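This briefing is meant to be read beside the sequence and the coordinates.

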Amino acid sequence: LAADARQHEFVGPAGEWLLDNYHLVDAEVRALRRDMPRQFYRRLPFVHDGHTVVARVEALARAFIAHTDSRLDRGPMLGYLDAFQTVAPLTLGELWAWPSIVRLVLLENLRRLADGVLAARAARHAADAYLDAIDGPGGFRPPVWPALAPETFTSRLVQRLREEGESRDPVGAAITARLDPQGTTREDVVRDDHQHQAAAQVLVANVITSLRLCATIDWSAFV
């Protein structure tokens with residue numbers, strides 16, 4: 001992404017957030033490795049969350065962070081833990097683990113979002129490479145939509161066709177043949193791609209903002 005930015009290529013709003021805050025993310029990863037040794041994690045109480053066996057406090061953090069779209073606030077977080085403890089008190093070890101577990105879940109969310117940013121990047125590059133290739137001696141061949149971020153691939157094709165005019169009629173016909181059975185138009189695909197980019201930006205911003213919040217909380221007082 002940094003190389004793309006230096007070459008003035010499109011990285012997307014979520015990618016810009018990652019680039020601007022990478023120093024924070026790197027510092028949080030290092031802090032998490034220091035503050036949450038695997039041996040300590042393995043001594044925490046575990047539960048089955050419906051998919052796998054995880055530390056109970058991690059299951060709590062996942063549920064809370066999913067409910068807030070990764071945008072944390074100290075007051076609701078404290079109320080959430082207090083409410084849980086009216087049913088099943090947490091151990092002191094779980095309470096001390098909570099700050100690290102919250103960062104762990106936030107960073108896992110950020111990893112998934114970064115995977116999506118890179119998948120969209122690959123799809124855009126694949127669309128550009130496809131259009132550039134059909135200008136060569138091989139001529140036109142039907143596009144092969146990628147398994148990841150196919151809507152971004154299609155959106156990029158549509159945008160390039162708009163920029164270059166309708167001189168690529170076979171490509172336009174291939175796009176139409178793909179979209180018509182889905183009841184979707186080119187405008188729908190471009191709009192959905194832009195909405196996906198906007199949603200990714202909000203979620204990345206929420207994670208970064210929450211990581212900054214975690215660095216300001218007096219966790220001793222919290223516990």
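The points below are grouped by topic and concern a predicted model.

**Backbone at two loop residues**

- Most residues other than glycine have a negative phi.
- H8, although it is not a glycine, has a positive phi of about 60 degrees, and its place is in the loop that lies between α1 (2-6) and α2 (12-20).
- With a relative accessible area of 77%, H8 is exposed, because the cut-off for that class is over 50%.
- D69 is likewise not a glycine and has a positive phi, here of about 55 degrees, and this residue lies in the loop between α5 (56-67) and α6 (74-85).
- The relative accessibility of D69 is 46%, so that this residue counts as partly exposed, given that buried would require a value under 20% and exposed a value over 50%.

**Aromatic pairs**

- The structure holds 4 aromatic pairs, and one of them is formed by Y41 and F46, whose ring centres are 5.5 Å apart and whose planes stand at 90 degrees, so the pair is edge-to-face.
- The angle decides this assignment, because planes over 60 degrees apart count as edge-to-face.

**Helix α2 and its cover**

- The buried residues of α2 are G12, A14, G15 and L18, and they cover an arc of only 110 degrees around the axis, which puts them on the same side of the helix.
- The elements that cover these buried residues of α2 include α3 (22-35), α7 (92-133) and α10 (186-216).

- Buried in α8 are T152, F153, T154, S155, L157, V158, R160 and L161.
- These buried residues of α8 pack against α7, α9 (169-179) and α10, and α7 and α10 are also among the elements that cover the buried residues of α2.

Methods. Residues numbered from 1 in each chain as written. Predicted model: local features only at pLDDT ≥ 70, side-chain atom pairs only at ≥ 80, totals over all residues. Heavy atoms only, no water. Helix = DSSP H or I, 4+ residues; strand = E, 2+ residues; numbered from the N terminus. Buried < 20%, exposed > 50% of the residue type's maximum accessible area, 1.4 Å probe, protein only. Phe/Tyr/Trp six-rings, centres within 6.5 Å; stacked < 30°, edge-to-face > 60°. Arc of directions from axis to C-beta. Contact = heavy atoms within 4.5 Å.
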